[in-house]
Amino acid sequence: MEYEIIHLPKDKWKGTIIPIKYKTDKYYDVIVNRMDKGFTIEIEKKDFIEPVTHTPEEYDFSDKLYEDHWEKAYAWGVLVNDELVAAIETDQEVWSNRLRITELWVAEKYQKQGIGHALIKMAKEQARRERRRAIMLETQSCNVNAVDFYQHEGFSLIGMDTCCYSNDDLQRKEVRLEFGWFPEKKKRLNDEEIEVRMETTEDWYNVELMVQHAFWNKHHLGCDEHYLVHKLRQDKDYLPELSRIAVKDGEVIGCIMYSKAQVADGTDIHKIITFGPLCVAPKWQGCGVGELLLRKTMKLAVNKGYKGIVIFGEPDYYPRIGFKTCDNFNITTADGKNFDAFMGFELAKGSMKHIKGKFFESQVFDNLSEKEVEHYNKKFPQLQKLRFPGQWN
């Protein structure tokens, strides 16, 4: 079936009952043995004498979306004829930097059609965007289909609670099992593994496609950075001699695009440079590609005699590379403001000491028509516009 996963806003879906029920003829038998030197735990799949059915009605509290105790809950779902047929809810465990799946449900009629897998992918994408170190969830030892499904999705058993639902969970064969999924640890790529070079006209489509995927749904629904790249190449302020792409095994995995900028203090005009976008394909983020592009292009900028760089960028990334907020350089935005995302970098020690005033970048950054962006998107495979938590309103 064709379906679309959509965000379920809290103000509309809070309190919606998730009718999780299942029938099973198997269970995972949990046995805890006390020994002189400690404990052993055995977990073995066994057959019930008769099939067992669990329904929401047998519990005092039904599963509901946006329960008050999940303070940072966020939900997605699938609607068919305005009826909710599947849902997933997550909550951010901030103190331990983990993401917990609090609800996952697919109506029986729509199971085994890939919807559960797609919903899990949404949680994994949220974890990637938020740089969470793990995703957690719980299920019951008698919910064999769920246990097998989570293992198929890459989750591992990490713990259990033998008295979560009652004091005789072990005897009732309904033990809470905790499962965790851990993102693959990424290895930093070295200079020999990446080709950093100028782009050619043959690269243009693949560069823009990579940029689109890097920014899609990051700052707002969809993105316009790939169209900016297209417009920037035609702009008088574009600096192709500094701009570079990163290529690995023939695939474009990153790019940095430079352009001329200036800092004006009355009639005093100071020529500097800026860059944007700087981005890396999602698959290769966290592997040092962006830093490599910056390092190599900064050397080019120094050789060209440029004194400094001013950008609007992510304040949790660029300071690690040496960028400082522009109030350290007596530079403000064009409207006289300063904030964490407005940063500068001296290309030589003290090279921006005598530069002060208001920052101005190329007008190409201000002239991106939404209508033009939507028309330009037709060149690329269609991507879904979807809201993620905690990034923008």
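This is a predicted model: local features need pLDDT of at least 70, side-chain atom pairs count only at pLDDT 80 or more; totals for chains, interfaces and linings use all residues.

Trainee: What does the secondary structure come to?

Mentor: Helices (H or I, at least four residues) and strands (E, at least two) are DSSP runs, numbered from the N terminus. The protein has eight helices and 18 strands, and its C-alpha trace spans about 85 × 55 × 40 Å along the principal axes.

Trainee: How many of the residues count as buried?

Mentor: Buried means under 20% relative accessible area, exposed over 50%, and partly exposed in between, with a 1.4 Å probe and protein chains only. Of the 393 residues, 45% count as buried. As for contacts (heavy atoms within 4.5 Å), residues 24 or more positions apart account for 68% of those with a separation of 6 or more.

Trainee: What is the volume of the second largest pocket?

Mentor: Rolling a probe the size of a water molecule over the atoms shows where empty space is left. On a 1 Å grid over the protein atoms alone, a pocket is an open set of points where a 1.4 Å probe fits, with protein on both sides within 12 Å along at least five of seven lines; lining residues have an atom within 4 Å of a point. Grid points are joined across faces, edges and corners, and a volume is the space filled by probe spheres set on the points. For the second largest pocket the volume is about 1900 Å³.

Trainee: Which residues lie nearest the centre of the second largest pocket?

Mentor: Ile-20, Tyr-22, Leu-104, Gln-140 and Asn-143 do, out of 49 lining residues. Elements that give two or more residues to this lining include strand E3 (38-54) and helix H2 (115-130). Strand E6 gives the largest share, seven residues.

Trainee: How do helices H5 and H6 pack?

Mentor: Two packed helices are described by the angle between their axes and the distance between the axes. Axes are lines fitted to C-alpha atoms, for helices over the stretch in contact, and angles run from 0 to 180 degrees between N-to-C directions. Helix H5 (residues 204-215) and helix H6 (residues 225-232) pack at about 145°, with axes 7 Å apart. On the H5 side are Val-207, Glu-208, Val-211, Gln-212 and Phe-215, which meet Glu-225, His-226, Val-229 and His-230 in H6.

Trainee: Is H6 covered or exposed?

Mentor: H6 is mostly covered, with six of its eight residues buried. Among the buried residues of H6 are Tyr-227 and Leu-228. Their cover includes H5, E12, E13 and helix H8 (370-376).

Trainee: Which residue has a positive phi although it is not a glycine?

Mentor: Asn-81 has one, of about 55°. Asn-81 sits in the loop between strand E4 (74-80) and strand E5 (83-93), and counts as exposed because its relative accessibility is 76%. Asp-249, also not a glycine, has a positive phi near 50°. The loop between strand E11 (244-248) and strand E12 (251-265) holds Asp-249, which counts as exposed at 73% relative accessibility.

Trainee: Where is Pro-277 found?

Mentor: Pro-277 is in strand E13 (residues 268-280). A cis peptide bond, with omega about 0°, joins Gly-276 to Pro-277.

Methods. Residues are numbered from 1 along each chain as its sequence is written. Side-chain values use heavy atoms; hydrogens and water are left out.
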